[in-house]
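User: Hi! Could you walk me through this model? I'd like to start with how you decide what is buried and what is exposed.
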Amino acid sequence: GSRNYKQEYSLCAESVEHISNIDKNDEWLQWETGSIVESVIGGNHIDPLTGKSKISAYSVMGDMEDTTLLENAAPIITRSDIFAQDVIMKKMLKYMAMFNQDMIKRITQSRSADLLMSLEDADEEREIVMNDKVEKLLDDVDVADISQPLLYLVLDTLESFQLIKLCLMVCNRYNLTKRLSRFVSAIGFRFTNLCSKKQSVSFLLNLSNGKYQKSQYARAQIAYQGVHNVFEYINPDFIKISPETGESDIDAEFSQGLIMLGFWKKPLFLMKSRSGLKLASAFGDFSNYKYLYLKRFNRDPEDNNKFLDMPENATDLMEQHSFDWLPFEAPNSSLEIESALVTLDDIVWALNDMYAICAKRATLSFILGGQVLKPPFPKYLSFNRGYWTYKQDPTTENLDEFRIQVKSFQNILDMCYTEKRDFKSIGIDLKMHDLGS
């Protein structure tokens with residue numbers, strides 16, 4: 001019969017205990033059907049037809065990416081009201097001015113204040129005059145003309161009361177992109193368990209405990225959706241990647257904060273394009289590395305301002321461990337060299353996973369979907385080409401050929417030393433990585 005995915009993914013009492021410190025009523029942990037925490041505990045976050053989670057590890061701008069090619073990625077659907085309207089700003093300023101003297105000072109120093117009032121040093125009536133004139137000012141203040149120091153004071157006050165959603169709305173309205181990272185990280189810190197000494201110790205002690213692993217998976221699902229919900233309250237113009245420049249308005253701290261908290265997958269498709277490649281490479285996310293390269297760097301050789309369409313077999317190219325996806329015969333630029341070496345790491349990693357390096361006999365092939373594949377190594381990776389050829393067919397002839405390739409590396413080093421040539425000018429970095437892998 002069909003599998004009961006809901007029952008399979010629901011948590012037992014022991015597993016629930018590991019996520020008991022998460023507030024199920026947290027405003028960032030809600031979706032259409034209610035609390036995300038309760039959905040995960042009951043297994044209701046699992047699609048009954050596919051057995052896959054409705055919660056995704058990656059977040060993408062749906063109009064920027066081809067979501068059909070991306071696995072475990074959810075489009076960011078921006079909420080309808082993400083800007084702090086005039087009436088909201090005035091109410092916030094009014095309430096804050098009731099108890100914050102620094103707020104009153106900032107308000108009365110605004111350009112709007114110069115037009116409406118001047119405060120004299122009064123004696124016993126000074127406080128009454130101050131309050132009356134500040135209230136008058138707040139009724140007529142131009143909220144589109146608020147100074148940055150006053151805006152920062154508003155944000156600090158809101159943050160002290162954990163009103164992060166209002167903080168995001170203020171940032172959206174006044175283009176305070178540099179402050180976004182602070183508030184996004186604050187939410188990430190709320191959901192991560194990397195900062196908990198107790199959780200860190202539990203992780204080390206329970207690596208093989210199936211129930212504990214299940215609870216950690218559930219916790220990750222909850223955290224992923226919580227951070228995704230935060231993205232839906234950010235001005236989409238801030239996190240859109242420019243196809244021409246590969247840049248966005250958010251700064252590096254936005255991604256760094258999430259990465260340090262363990263959410264490296266969440267900003268992967270929202271970062272600067274080159275940074276996204278480096279992040280995918282660092283975590284061995286080879287499939288998405290290929291996607292990012294083909295989507296954002298595969299330019300028309302005849303028109304550098306034009307990007308080529310994704311290949312029709314892009315899904316297969318992203319999943320296979322081969323060099324077939326590379327859109328060049330030999331690397332000529334630093335980016336092409338980097339992508340070739342990342343692909344080499346992907347293939348060698350897969351081969352070493354399937355065949356022990358010390359095995360007496362190994363075959364250069366591995367099974368994918370029932371088909372035996374033998375990925376050829378390009379000529380510019382001569383060391384791996386020679387080594388794996390010998391592993392596949394351990395003859396004296398192939399061993400001699402491999403030795404010749406290793407000897408050529410010594411010749412290159414000698415030439416660099418005697419002729420004082422720059423290593424990178426002849427691709428020595430590519431050769432060194434080829435030999436070292």
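Analyst: Happy to! Buried means under 20% relative accessible area, exposed means over 50%, and partly exposed is anything in between. Keep in mind that this is a predicted model.

User: Thanks. Then is glycine 262 buried, partly exposed or exposed?
Analyst: Glycine 262 has 33% relative accessibility, so it counts as partly exposed. You'll find glycine 262 in the loop between helix 14 (252-260) and helix 15 (273-282).

User: How far is glycine 262 from glycine 188, in sequence and in space?
Analyst: The two glycines are 74 residues apart in sequence, and their C-alpha atoms are 8.8 Å apart in space.

User: Let's zoom out. How many helices and strands does the chain have?
Analyst: The chain has 21 helices and 8 strands. Of its 437 residues, 44% count as buried. If you take contacts between residues at least 6 apart in sequence, 64% of them join residues at least 24 apart.

User: Which residues touch the most other members of the largest nonpolar core?
Analyst: Met89, Val170 and Phe231 do, in a core of 96 residues. Helix 18 (residues 334-354) gives the largest share of this core, with 9 residues.

User: And what does methionine 89 touch, leaving out residues up to four places away in sequence?
Analyst: Methionine 89 touches Ala84, Val143, Ile146, Leu151, Val170, Arg173 and Tyr174.

User: Val170 again! Which helices meet there, starting with helix 4 and helix 9?
Analyst: On the helix 4 side, Asp86, Ile88, Met89 and Met92 meet Leu166, Met169, Val170, Arg173 and Tyr174 of helix 9. Sorted by class, the residues of this contact are 7 nonpolar, no polar and 2 charged.

User: What's the geometry of helix 4 and helix 9?
Analyst: Helix 4 (residues 86-97) packs against helix 9 at an angle of about 120°, with the axes 12 Å apart. The two helices are therefore oblique to each other, and helix 4 passes helix 9 in a left-handed crossing.

User: How do helix 8 and helix 9 pack?
Analyst: Helix 8 (residues 148-160) and helix 9 (residues 164-174) have axes 8 Å apart and an angle of about 160°. That makes helix 8 roughly antiparallel to helix 9. Helix 8 passes helix 9 in a left-handed crossing. Leu151, Leu155, Leu158 and Glu159 of helix 8 make the contact with Ile164, Leu166, Cys167, Val170, Cys171 and Tyr174 of helix 9. By class, that contact has 9 nonpolar, no polar and 1 charged residues.

User: Anything to flag in the loop between helix 8 and helix 9? What about glutamine 162?
Analyst: Glutamine 162 sits in that loop. Its phi is positive, about 60°, although glutamine 162 is not a glycine. Most residues other than glycine have a negative phi. With a relative accessible area of 45%, glutamine 162 is partly exposed.

User: Where does asparagine 72 lie, and what is its phi?
Analyst: Asparagine 72 lies in the loop between strand 3 (58-60) and strand 4 (73-75). Asparagine 72 also has a positive phi, about 65°, without being a glycine. Its relative accessible area is 37%, so asparagine 72 is partly exposed.

User: Back to helices. How do helix 10 and helix 12 cross?
Analyst: The axes of helix 10 (residues 177-191) and helix 12 (residues 210-231) come within 9 Å and cross at roughly 165°. Helix 10 and helix 12 are therefore roughly antiparallel, and their crossing is right-handed. Val184, Ile187, Gly188 and Phe191 of helix 10 form the contact with Arg219, Ala223, Gly226, Val227, Val230 and Phe231 of helix 12. This contact has 7 nonpolar, 2 polar and 1 charged residues.

User: Why is helix 16 described as largely enclosed by the rest of the structure?
Analyst: Because 9 of the 11 residues of helix 16 (residues 286-296) are buried. Among them are Asn288, Lys290 and Arg296, as well as Tyr289, Tyr291 and Tyr293.

User: Last one: is serine 39 buried or exposed, and what does it touch?
Analyst: Serine 39 is buried, with a relative accessible area of 7%. Serine 39 is in helix 3 (residues 36-41). Not counting residues up to four places away in sequence, serine 39 touches Trp31, Thr33, Asn44 and His45.

Terms used
Residues are numbered from 1 along each chain as its sequence is written. This is a predicted model: local features need pLDDT of at least 70, side-chain atom pairs count only at pLDDT 80 or more; totals for chains, interfaces and linings use all residues. Side-chain values use heavy atoms; hydrogens and water are left out. Helices (H or I, at least four residues) and strands (E, at least two) are DSSP runs, numbered from the N terminus. Buried means under 20% relative accessible area, exposed over 50%, partly exposed in between (1.4 Å probe, protein chains only). A nonpolar core is a set of buried Ala, Val, Leu, Ile, Met, Phe, Trp, Tyr and Cys residues joined through side-chain atoms within 4.5 Å. Contact means heavy atoms within 4.5 Å. Axes are lines fitted to C-alpha atoms, for helices over the stretch in contact, and angles run from 0 to 180 degrees between N-to-C directions. Angles under 35 degrees count as roughly parallel, over 145 as roughly antiparallel, 65 to 115 as roughly perpendicular and the rest as oblique. A crossing is left-handed if the near helix is turned anticlockwise from the far one by less than a right angle, and right-handed if clockwise. Ala, Val, Leu, Ile, Met, Phe, Trp, Tyr, Cys and Pro count as nonpolar, Asp, Glu, Lys and Arg as charged, and the others, Gly among them, as polar.
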